[in-house]
Amino acid sequence: MKPRITPGQPLRLMSVHAHPDDESSKGAATLAKYAAEGVDVLVVTCTGGERGDVLNPAMDRPGVRENLPEIRRAEMAAAREILGVRHRFLGFVDSGLPANGEPLPEGCFALTPLDEAAGRLAALIREFRPHVVVTYDETGGYPHPDHVRTHEVTVAAFDAAGDGGFSPEAGEPWRPAKLYYQGALSRAWFQAMHDAMTGRGLDSGMGAVLTELPTDDTVPECTTRVPCAEYFEVRDRALLAHATQVDPHSGFMLHDRNVEREVWPTEDYHLARSHVEITLPEDDLFTGLRGRDAVPDQ
Ligand SMILES: [Zn+2]
């Protein structure tokens, strides 16, 4: 039996992801920043990433593929430590990324009935009692069945957790105040970084990424930009802790960090639901929840 999560600090943030490493590539500087400021931050990972590949050539060696689930758990524990957050696996099995027309593997997260998966997350919401929940938009941010499912499960759990009629045995109802979708790794971000680097005479290394990304930007409207440039370095360390998933010599690790801090010093979100009054745009996920009337403890 897992130890109960006893809610700690007055402000609590839950960030829900599909696989270990997603928390470090999407919104990690935000998590590190809030954790450093004393917010109680819980990362929830829906699956163990069991069907992931080894994406770092240096880690593609005997003993790694065979033990990927255990290795990814250890990587996740290291990233959690670096970000300064708490962490829970929801316990579902990675669906993998089936080729076009291939069926999803039996028993995987994407095939788990929505009620069952959302019920598990709703119970965790009642246990941790977050004021703010963050997840992916309805596209999943990228077309992996586990990412799309993570969106569906989180939205359903966000609504169900506060409903006294829903699963009374799963704890006291708790209604989080705000739900956000990630705006990380948008085409606009890659383009801005590419333009800034080439404008400075640097090789951006992003040409290939930009040709692969669809030109129609599916990222939801940005309502909230969280300044967190001073935590990009923590984000990078957390990312590199996922050594089987992140090649330090390619992709996201290549762009110049000084340029990034200058050109795009925020991580961006879309406010999808709010039960508190706010004015948009915001620069803080806890707008409307701080100060005198702070936290609505229901
Ligand atoms: Zn993922």
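I looked up what α4 does for the second largest pocket: α4 gives the most to its lining, with five residues. The model is predicted; local features need pLDDT of at least 70, side-chain atom pairs count only at pLDDT 80 or more, and totals for chains, interfaces and linings use all residues. Residues are numbered from 1 along each chain as its sequence is written, and side-chain values use heavy atoms, with hydrogens and water left out.

**Second largest pocket**

I noted a volume of about 200 Å³. The lining has 13 residues, and R88, R120, A123, L124 and E127 are the closest to the centre. The elements giving two or more residues to this lining are β3 (86-92) and α4 (114-128). Helices (H or I, at least four residues) and strands (E, at least two) are DSSP runs, numbered from the N terminus. By class I have five nonpolar, one polar and seven charged residues. Ala, Val, Leu, Ile, Met, Phe, Trp, Tyr, Cys and Pro count as nonpolar, Asp, Glu, Lys and Arg as charged, the others, Gly among them, as polar.

A pocket here is an open set of points on a 1 Å grid over the protein atoms alone, where a 1.4 Å probe fits, with protein on both sides within 12 Å along at least five of seven lines; lining residues have an atom within 4 Å of a point. The volume is the space filled by probe spheres set on the points.

**Largest pocket**

I turned to the largest pocket, with a volume of about 1600 Å³. Its lining counts 48 residues; S25, K26, Y142, L185 and F190 lie nearest the centre. Two or more lining residues come from each of α1, α6 (187-199) and α7 (207-212). The classes are 18 nonpolar, 17 polar and 13 charged.

I checked the donors (N, O and S atoms within 2.8 Å of the metal; 3.2 Å for Na, K and Ca). H19 (ND1), D22 (OD), D22 (OD) and H147 (NE2) coordinate the zinc ion at 2.1 to 2.7 Å. D22 lies in helix α1 (residues 22-25) and H147 in helix α5 (residues 145-160), so the pair ties together parts 125 residues apart in sequence.

**R12**

I found R12 in strand β1 (residues 12-17). R12 is buried, with a relative accessible area of 5%. Its side chain reaches the backbone oxygen of R129 at 2.7 Å.

Key. Buried means under 20% relative accessible area, exposed over 50%, partly exposed in between (1.4 Å probe, protein chains only). A polar contact is a pair of N or O atoms within 3.5 Å; within protein, one must be able to donate a hydrogen and the other to accept it, and residues adjacent in sequence count only if both atoms are side-chain atoms.
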